[in-house]
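These are my notebook entries on how two parts of one chain meet. I set down each look-up in turn.

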Amino acid sequence: MVSPASHNGSNNGSGAPARSRTVRFRIQRCEGPAKPSRWEEFDVPVEAGAGANVISCLQLIAANPVTVDGKRTTPVVWDSGCLEEVCGSCTMVINGRVRQSCSCLIDNDAPNDGDVVTLQPMSKFPVVRDLWVDRARMFDSLRKIKAWVPIDGLHDQGAGPRERPKTQQTRYVHSTCMSCGCCLEACPQYKLEEDPDDWDTAFIGAAAIGQVRLFNKHETGAELAGERLDALMGPGGVTDCGNAQNCVKVCPKEIPLTEAIADMGRAVALHGLKKFFRGK
Amino acid sequence: MASKEPFMQRHHFLLRRLHSFTGVFPIGVFLIVHLTTNASIVWGRLGVATEKSHGGVATFQHEVEFIHSLPALLLIEIFGLWLPIAFHSILGVYYATTGKSNIKHYRYQDNWRYTMQRISGYIGVLFIFYHVATLRWGWTWLPFASGFNFREASSTTAIALRGGSEEIGFGAVVIGLFYLVGVLMLVFHFANGLWTAAITWGVTITEQAQRRWGYVCAGLGFGLAGLALAALVGFVTLDIDEAREYERARIIELESAAAPDQQAGQLENALARH
Ligand code: SF4
Ligand code: SF4
Ligand code: FES
């Protein structure tokens, strides 16, 4: 068993009964890109009310990486940053469902002694090691759809155009996307593409479609609206969505991704028509 | 540079949207018309039809004769139906292979619909092929197949649905079930496709709009499924002898009304074939 050190944010005598229990972690491990994967199990002591989450348990395992068979192994590798569900880097598949590991509380997900928590890396991104994946393709997608507001030059360009409160409201929630990849992991149309040459034509996924909505509705961002729609019209664009609507259900930020998909579907249809008659 | 891209990529958007469009028009519209026509076999029995309808046989015969009186029927069929269906099917299968169902891990109703849309598409293609090949092209060498003759619309349809026999035997069970599953799959595929088409084209954007349109599509789907079931039961339980009696009388009626010589010969040929 992993040694019973204290968890992050441990219980400072709040009076809640500390119920000690053991939670078993089944972890899918992999030593590096293109290496085979294997399963390892660890028992971790948990106290109720101590705020244990998946990451704090992984820290305990890292401190003393001994499997349930008593075999000493290498520490499990994972990625994390903010530890408060705003950076998206700790995303993994927990008990078969994709979510952030930092906000996955053990008291909620494994409340009983002997409960099992299964950890796997996301399957739609190449594994760097163990639970750590490389989401570079997501950032490449943001480049493809020009997810920025174009304000070139260092000179003072004066005040920007006013933004209407209603548009602002629509846009705000899209601005909370943290490129975590949940929506892509759960999407039946989004697939693992290891070769960057294939990124351009493979389905871009809901996150980037939501970002097109965010930036096209921005008064200055709209400068690039046509180019963004062009990107969404091509292979791998919004047309490749199969309307399974898994994305919207797993998004931790509750971003209305299916609304964005429909909105961009309309924008792209009008854009296509306009282009047809303008001839460009 | 653009011209160096493969055809499918160069015309990606157009093909995708044509795929969506053909599913609704003409295919979906035709499905509604077709299922309504079929159901006319039970209108007579339910007393809905106005004329004396011989248990729906006359109503159905009337509908079929109307369709066969359309000018350039073969051209309408080829360009209005067969080509759009072939286009929608081939592209659909191609697109379906680009996804990978993950219903095991994400058991949402919408995810189930996504998977069903693909399965119903595959089954629907097989069904339509068998249906058109046997009843329209007369490929009676296919298993349990028999042909369709528009002068004897009800009786030949009833026999086809009984697996090529007048009795309700093994063939009737096989073909009856095949039709039942095939038609219900197509109805689902259309109702669900109509729902997603509204998202694809950006007609329903908000979640609320999508939900409302979902009720409309579900209602349409259940309505069409009801029509399809009524027709299926109507044909399988049809009294074939009685139907034939009416159809012969109708042929003689047309014969005497038409220009005596040539038309009569054609009608006799039609009769002799069955
Ligand atoms: S849209 Fe939601 S699920 Fe997708 S990357 Fe952004 S925050 Fe994550
Ligand atoms: S709605 Fe589209 S983007 Fe969202 S999960 Fe389904 S296929 Fe993927
Ligand atoms: S560590 Fe940033 S979201 Fe979990």
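I first looked up the area buried between domain 1 of chain A and domain 2 of chain A: about 1400 Å², with 57% of it on carbon and sulfur atoms. Buried area here is the accessible area (1.4 Å probe) that two parts lose on being put together, summed over both. I then noted that A:Val98, A:Lys124 and A:Phe125 supply 44% of what domain 1 of chain A buries against domain 2 of chain A, more than any other three residues.

I recorded that the model is predicted: local features need pLDDT of at least 70, side-chain atom pairs count only at pLDDT 80 or more, and totals for chains, interfaces and linings use all residues. Residues are numbered from 1 along each chain as its sequence is written, chains are lettered from A in the order in which they are written, and side-chain values use heavy atoms, without hydrogens and water.

I checked the bounds, which come from an automatic or database domain assignment: domain 1 spans 4–129 and domain 2 spans 135–278 of chain A.

I looked up contacts (heavy atoms within 4.5 Å) and found 16 residues of domain 1 of chain A touching 17 residues of domain 2 of chain A.

I searched this interface for salt bridges (a side-chain nitrogen of Lys or Arg within 4 Å of a carboxyl oxygen of Asp or Glu), and the rule finds 0. Strands are DSSP runs (E, at least two residues), numbered from the N terminus. The largest share of that side, 4 residues, comes from β4(A).
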